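Let's take a friendly walk through the salt bridges of this model. Please have the sequence and the 3D view ready.

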Amino acid sequence: MSAKVSDLMRMEKIVLEKVCWKVKATTAFQFLQLYYSLIQENLPLERRNSLNFERLEAQLKACHCRILFSKAKPSVLALSIIALEIQAQKCVELTEGIECLQKHSKINGRDLTLWQELVSKCLTEYSSNKCSKPNGQKLKWIVSGRTARQLKHSYYRITHLPTIPETAP
(Lines give C-alpha, C1' and ligand atoms only; values in the text may rest on other atoms or scores of the structure.)
Protein backbone atom coordinates (compact mmCIF):
# COMPACT_ATOMS: atom_id res chain seq x y z
CA MET A 1 0.00 0.00 0.00
CA SER A 2 1.43 3.40 -0.92
CA ALA A 3 0.85 6.50 1.13
CA LYS A 4 -0.59 9.64 -0.39
CA VAL A 5 1.03 13.02 0.09
CA SER A 6 -1.87 14.12 2.29
CA ASP A 7 -1.33 11.05 4.51
CA LEU A 8 2.38 11.82 4.85
CA MET A 9 1.67 15.46 5.65
CA ARG A 10 -0.89 14.42 8.29
CA MET A 11 1.58 11.95 9.84
CA GLU A 12 4.33 14.59 9.84
CA LYS A 13 1.99 17.01 11.64
CA ILE A 14 1.15 14.36 14.26
CA VAL A 15 4.82 13.58 14.90
CA LEU A 16 5.73 17.28 15.15
CA GLU A 17 2.91 17.85 17.64
CA LYS A 18 3.89 14.83 19.75
CA VAL A 19 7.58 15.71 20.04
CA CYS A 20 7.02 19.50 20.18
CA TRP A 21 9.54 19.96 17.37
CA LYS A 22 9.55 23.36 15.75
CA VAL A 23 11.47 23.58 12.49
CA LYS A 24 13.05 26.99 12.12
CA ALA A 25 16.44 26.42 10.50
CA THR A 26 16.87 28.15 7.16
CA THR A 27 18.95 26.21 4.66
CA ALA A 28 21.51 27.43 2.14
CA PHE A 29 19.06 26.41 -0.60
CA GLN A 30 16.38 28.71 0.85
CA PHE A 31 18.89 31.58 1.00
CA LEU A 32 19.91 30.79 -2.58
CA GLN A 33 16.27 31.03 -3.69
CA LEU A 34 15.78 34.30 -1.80
CA TYR A 35 18.98 35.94 -3.02
CA TYR A 36 18.35 34.78 -6.58
CA SER A 37 14.85 36.29 -6.64
CA LEU A 38 16.12 39.58 -5.20
CA ILE A 39 18.96 39.72 -7.75
CA GLN A 40 16.58 38.88 -10.62
CA GLU A 41 14.37 41.85 -9.68
CA ASN A 42 17.32 44.20 -10.23
CA LEU A 43 18.36 42.75 -13.58
CA PRO A 44 17.13 44.33 -16.80
CA LEU A 45 14.77 42.02 -18.74
CA GLU A 46 17.34 41.28 -21.43
CA ARG A 47 19.90 40.10 -18.80
CA ARG A 48 17.57 37.90 -16.69
CA ASN A 49 18.71 34.75 -18.46
CA SER A 50 22.35 35.39 -17.55
CA LEU A 51 21.85 33.88 -14.08
CA ASN A 52 20.52 30.33 -14.25
CA PHE A 53 19.01 29.05 -11.00
CA GLU A 54 19.50 25.39 -11.93
CA ARG A 55 23.22 26.06 -12.38
CA LEU A 56 23.41 27.80 -8.99
CA GLU A 57 21.54 24.90 -7.39
CA ALA A 58 23.95 22.39 -8.98
CA GLN A 59 26.89 24.39 -7.61
CA LEU A 60 25.34 24.32 -4.14
CA LYS A 61 24.88 20.55 -4.41
CA ALA A 62 28.52 20.16 -5.41
CA CYS A 63 29.57 22.13 -2.33
CA HIS A 64 27.33 20.02 -0.10
CA CYS A 65 29.27 16.94 -1.21
CA ARG A 66 32.19 18.23 0.87
CA ILE A 67 32.08 18.03 4.65
CA LEU A 68 33.91 21.37 4.86
CA PHE A 69 30.80 23.22 3.70
CA SER A 70 28.73 21.93 6.60
CA LYS A 71 30.65 24.51 8.68
CA ALA A 72 29.54 27.43 6.49
CA LYS A 73 26.65 29.61 7.54
CA PRO A 74 23.85 28.96 5.02
CA SER A 75 23.52 32.65 4.11
CA VAL A 76 27.27 33.00 3.50
CA LEU A 77 27.45 29.87 1.35
CA ALA A 78 24.49 30.95 -0.79
CA LEU A 79 25.80 34.48 -1.27
CA SER A 80 29.28 33.15 -2.09
CA ILE A 81 27.87 30.98 -4.87
CA ILE A 82 25.79 33.80 -6.35
CA ALA A 83 28.64 36.33 -6.09
CA LEU A 84 31.03 33.97 -7.89
CA GLU A 85 28.48 33.31 -10.63
CA ILE A 86 27.90 37.05 -11.08
CA GLN A 87 31.67 37.52 -11.45
CA ALA A 88 31.85 34.64 -13.94
CA GLN A 89 28.96 36.05 -16.00
CA LYS A 90 30.52 39.54 -15.81
CA CYS A 91 27.32 41.13 -14.51
CA VAL A 92 29.11 44.20 -13.16
CA GLU A 93 25.79 45.98 -12.57
CA LEU A 94 24.94 43.42 -9.86
CA THR A 95 28.04 43.99 -7.74
CA GLU A 96 26.19 46.67 -5.78
CA GLY A 97 23.29 44.24 -5.27
CA ILE A 98 25.65 41.66 -3.77
CA GLU A 99 27.10 44.30 -1.42
CA CYS A 100 23.56 45.27 -0.39
CA LEU A 101 22.61 41.63 0.30
CA GLN A 102 25.85 41.21 2.25
CA LYS A 103 25.07 44.25 4.37
CA HIS A 104 21.44 43.29 5.06
CA SER A 105 22.43 39.70 5.85
CA LYS A 106 25.15 40.98 8.19
CA ILE A 107 27.84 38.93 6.45
CA ASN A 108 31.43 39.87 7.28
CA GLY A 109 33.54 40.76 4.21
CA ARG A 110 36.38 38.45 5.28
CA ASP A 111 33.96 35.55 5.74
CA LEU A 112 32.44 36.11 2.31
CA THR A 113 35.88 36.26 0.67
CA LEU A 114 37.07 33.13 2.48
CA TRP A 115 34.00 31.09 1.51
CA GLN A 116 34.10 32.40 -2.08
CA GLU A 117 37.67 31.08 -2.35
CA LEU A 118 36.62 27.71 -0.91
CA VAL A 119 33.58 27.49 -3.20
CA SER A 120 35.70 28.44 -6.21
CA LYS A 121 38.27 25.76 -5.36
CA CYS A 122 35.54 23.16 -4.83
CA LEU A 123 33.80 23.95 -8.13
CA THR A 124 37.11 23.91 -10.01
CA GLU A 125 37.94 20.47 -8.60
CA TYR A 126 34.38 19.28 -9.16
CA SER A 127 34.47 20.15 -12.84
CA SER A 128 37.95 18.67 -13.40
CA ASN A 129 38.69 15.18 -14.72
CA LYS A 130 39.95 14.28 -11.25
CA CYS A 131 36.37 14.23 -10.03
CA SER A 132 34.55 11.84 -12.33
CA LYS A 133 31.28 10.09 -11.64
CA PRO A 134 31.91 6.55 -10.39
CA ASN A 135 30.17 3.52 -11.81
CA GLY A 136 27.30 2.95 -9.36
CA GLN A 137 27.31 -0.82 -9.86
CA LYS A 138 30.87 -1.11 -8.56
CA LEU A 139 30.24 0.84 -5.36
CA LYS A 140 29.90 -1.24 -2.22
CA TRP A 141 30.58 -0.85 1.47
CA ILE A 142 33.67 -2.60 2.74
CA VAL A 143 33.78 -3.07 6.49
CA SER A 144 35.97 -5.13 8.76
CA GLY A 145 34.71 -8.40 10.17
CA ARG A 146 34.54 -6.85 13.63
CA THR A 147 32.41 -3.96 12.38
CA ALA A 148 30.17 -6.39 10.48
CA ARG A 149 29.61 -8.42 13.66
CA GLN A 150 28.79 -5.27 15.65
CA LEU A 151 26.36 -4.10 13.00
CA LYS A 152 24.64 -7.49 12.91
CA HIS A 153 24.17 -7.57 16.68
CA SER A 154 23.10 -3.93 16.93
CA TYR A 155 20.17 -4.64 14.61
CA TYR A 156 18.59 -6.91 17.22
CA ARG A 157 19.00 -4.30 19.95
CA ILE A 158 16.79 -1.72 18.22
CA THR A 159 13.96 -0.76 20.52
CA HIS A 160 10.79 -0.28 18.59
CA LEU A 161 8.74 2.80 19.36
CA PRO A 162 5.11 2.46 20.39
CA THR A 163 2.43 3.52 17.93
CA ILE A 164 1.36 7.13 18.29
CA PRO A 165 -2.42 7.28 18.66
CA GLU A 166 -4.15 9.66 16.28
CA THR A 167 -6.84 12.02 17.43
CA ALA A 168 -9.45 13.47 15.13
CA PRO A 169 -9.10 17.24 14.69
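This predicted model holds four salt bridges, a salt bridge being a side-chain nitrogen of Lys or Arg within 4 Å of a carboxyl oxygen of Asp or Glu.

| Pair | N to O distance |
|---|---|
| Arg55 and Glu85 | 2.8 Å |
| Arg66 and Glu125 | 3.0 Å |
| Lys61 and Glu57 | 3.7 Å |

Start with Arg55 and Glu85, which form a salt bridge. Arg55 sits in helix H3 (residues 53–64) and Glu85 in helix H4 (residues 74–88), so their contact ties together parts 30 residues apart in sequence. Helices here are DSSP runs of H or I with at least four residues, numbered from the N terminus. Glu85 is buried at 2% relative accessible area, while Arg55 is partly exposed at 43%; buried means under 20%, exposed over 50%, and partly exposed in between (1.4 Å probe, protein chains only).

Next come Arg66 and Glu125, another salt-bridged pair. Arg66 belongs to the loop between H3 and H4, and Glu125 to helix H6 (residues 109–127), so this pair ties together parts 59 residues apart in sequence. Arg66 is partly exposed at 32%, and so is Glu125 at 21%.

Lys61 and Glu57 both lie in helix H3, four residues apart, about one turn of the helix. Lys61 is exposed at 52%, whereas Glu57 is partly exposed at 22%.

Residues are numbered from 1 along each chain as its sequence is written. In this predicted model, local features need pLDDT of at least 70, side-chain atom pairs count only at pLDDT 80 or more, and totals for chains, interfaces and linings use all residues, while side-chain values use heavy atoms, leaving out hydrogens and water.

Methods
Helix = DSSP H or I, 4+ residues; strand = E, 2+ residues; numbered from the N terminus.
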